Amino acid sequence: MILEDNQNVTKPRNSRAARPKVVYQWTVQDVQKWFRRHCYDYYVLYGEKFLQHEIIGRALIRINENQLYRMGIINPDHSQDICREILKLRLKTYILEFRDLERNNLYD
């Protein structure tokens, strides 16, 4: 019978899961991953356009329908759906920023 050495067993820490990278720091690859996950139906059609324009996180959350049109996404239904997902991301980012401010007592 083999006995396990309990001294070498790593115990999980009682901490929260690591927070994902903030949108402002996203790379082109991070944006592609987000686009594939949240706009799956359009990723096949437009993922390459986001790559060609080297869209990073800072640019992504500022994109509007006019900019999508200039990128070549001319179907209004598609651009509205993509903008809706970007707006959700923008709102989520703002909420996290406000929570950080409250946590750091900088809200005044």
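**View 1. Contact of H2 with H5.** In H2, Tyr-42, Leu-45, Tyr-46 and Phe-50 meet Asp-77, His-78, Asp-81 and Ile-82 of H5, where contact means heavy atoms within 4.5 Å. The model is predicted, so that local features need pLDDT of at least 70 and side-chain atom pairs count only at pLDDT 80 or more, whereas totals for chains, interfaces and linings use all residues. Residues are numbered from 1 along each chain as its sequence is written, and side-chain values use heavy atoms, with hydrogens and water left out. Helices are DSSP runs (H or I, at least four residues) numbered from the N terminus. The two helices H2 and H5 pack at an angle of about 75°, with their axes 12 Å apart, which makes H2 roughly perpendicular to H5 (65 to 115 degrees). Axes are lines fitted to C-alpha atoms over the stretch in contact, and angles run from 0 to 180 degrees between N-to-C directions.

**View 2. Contact of H1 with H2.** The axes of H1 and helix H2 (residues 40–52) come within 8 Å and cross at roughly 160°, and H1 is therefore roughly antiparallel to H2 (over 145 degrees). From H1, the contact is made by Val-28, Val-31, Gln-32, Phe-35, Arg-36 and His-38, and from H2 by Tyr-40, Tyr-42, Tyr-43, Tyr-46, Gly-47, Phe-50 and Leu-51. By class, this contact of H1 with H2 has nine nonpolar, three polar and one charged residues, with Ala, Val, Leu, Ile, Met, Phe, Trp, Tyr, Cys and Pro counted as nonpolar, Asp, Glu, Lys and Arg as charged, and the others, Gly among them, as polar.

**View 3. Contact of H1 with H5.** H1 and H5 pack at an angle of about 115°, and their axes are 11 Å apart. Trp-34, Phe-35 and His-38 of H1 meet Ile-82, Glu-85, Ile-86 and Leu-89 of H5, a contact with five nonpolar, one polar and one charged residues.

**View 4. The largest pocket.** About 590 Å³ of space lies in the largest pocket, a pocket being an open set of points on a 1 Å grid over the protein atoms alone, where a 1.4 Å probe fits, with protein on both sides within 12 Å along at least five of seven lines. Its lining comprises 20 residues, of which Pro-20, Lys-21, Trp-26, Leu-89 and Lys-92 are the closest to its centre; lining residues have an atom within 4 Å of a point. Helix H1 (28–38) and helix H5 (76–103) each supply at least two residues of this lining, and H5 gives the most, with eight residues.

How values were computed. Points joined across faces, edges and corners; volume = space filled by probe spheres on them. Parallel < 35°, antiparallel > 145°, perpendicular 65-115°, else oblique.
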